[in-house]
Amino acid sequence: MKITGLDIFIIKTKVPKDWPYPVASFVEGGSVLIKVKTDSGLFGWGEPSPYGSPIEIMIKTLMDEMRPYLLGKNPHDVSTITQQDETKAKHIYGQAAWSSALAGVSQALWDIIGKEKNLPLYKILNRKEEVSNKILTYASGGMIYESSSVDLLLEEALEAKDKGFTNWKFRPPSPVSNLSHFERNKNPPAINTEQLIDVSKKLRQKLGDGFGLMIDVGCRISDNETAIMFGKVLDELNFRFFEEPVKRNIEDYHKVTNQLSTPIGIGECFFSAHEFKKWVKADALNTLQPDANFAGITEILKIADLAKEYKKEMILHNWTNAVSMAANAHLAAALPECSMLEYSITFNPMRSELITHPFEVKSGYLSLLDAPGLGIEIDQKDLERFCDFKDLQ
Ligand SMILES: [Mg+2]
């Protein structure tokens, strides 16, 4: 079997004008979908991370570098084709664009392999004693504006609990901003720690002791001392994890991790097991949070090996659209090191309306269909509806 083509799409949608909550920047800003085609007639879908590079750089990387790199290759060589290797990074448009493009290709090639074998990926990749299509998810939301009442966080958490979720994650309130993800990451907006302590205590009180609470600070705490002070409150409140407290830096994470009993999570933008290994060896994290749209499927298998070797927990990051979600879900079902899968409850119709059989979570569990490969079918009409750009070759 040979790769004969790579179709590239940008998908995006409008957020209703009166939508009261912040929304991930890629929903309106756009993200990329790819279709790898072969001479056998089989094709596979993939979704690179919108956080790897600005979208125009991702498109150039796919058109100028990835397409010629892939043509003629055999999808069965997925491990060598999609090997993430920072020392070999000599790409015109940058490492992060190339890495997340490779991650998307990894999803597509595994989709093709599964379709050829007529088996869902979670069965092909399974490392559990018993094969299961069920995955424990956590509700990921808790996004409000600074101008909103923090009571909205309590309402959302209680609603998630009512729906059967046993775990829910929230964020510090966001300023109203038109900044892209990249601009915002250069200068993360400051947060009101006192208010956050207050709301964390209220959440624990309202939700009860057995409910899993976690917070993703998005690297917004400006110094280690404040992160440790806040983390000690989370320790007392028995939080499930504390994600990205400060800017991504191994020494700082080592200091914060070692002062707290609440697990520190990081890794949504790490593209390789090699990168995770540096952090794990430096004792700078507790919970590995890779995403199949940045690391790719093959690399996450290696990251799971690392988690096993160092006895660390893995909770897959999962925040974008339907194709990446499928890839992450199959990995979560297959890997015993993965204890939970993130499940976004924020506004994004491209997570459900792009595919013919949307994912459903019941009582906190997502069940995968028995369809081959990634187990999804893209609805052509809906793809056209969300499509903002395409280049089919
Ligand atoms: Mg995060």
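Student: Why are α9 and α10 called roughly parallel to each other?
Tutor: Helix α9 (residues 224-236) and helix α10 (residues 250-257) pack at an angle of about 30 degrees. Angles under 35 degrees count as roughly parallel, over 145 as roughly antiparallel, 65 to 115 as roughly perpendicular and the rest as oblique. Therefore α9 and α10 are roughly parallel. The model is predicted: local features need pLDDT of at least 70, side-chain atom pairs count only at pLDDT 80 or more, and totals for chains, interfaces and linings use all residues. Residues are numbered from 1 along each chain as its sequence is written.

Student: How do you know which residues of α9 and α10 meet?
Tutor: Two residues are in contact if their C-beta atoms, placed from the backbone, lie within 7 Å. Asn224, Ala227, Ile228 and Gly231 in α9 meet Asp252, Lys255 and Val256 in α10. By class, this contact has 3 nonpolar, 2 polar and 2 charged residues.

Student: What makes Gly count as polar or nonpolar here?
Tutor: The class list does: Ala, Val, Leu, Ile, Met, Phe, Trp, Tyr, Cys and Pro count as nonpolar, Asp, Glu, Lys and Arg as charged, and the others, Gly among them, as polar.

Student: How many residues of domain 1 are in contact with domain 2?
Tutor: 42 residues of domain 1 are in contact with 36 residues of domain 2. On the domain 1 side, α4 gives the most, with 10 residues.

Conventions
Axes fitted to C-alpha atoms, helices over the stretch in contact; angles between N-to-C directions. Helix = DSSP H or I, 4+ residues; strand = E, 2+ residues; numbered from the N terminus.
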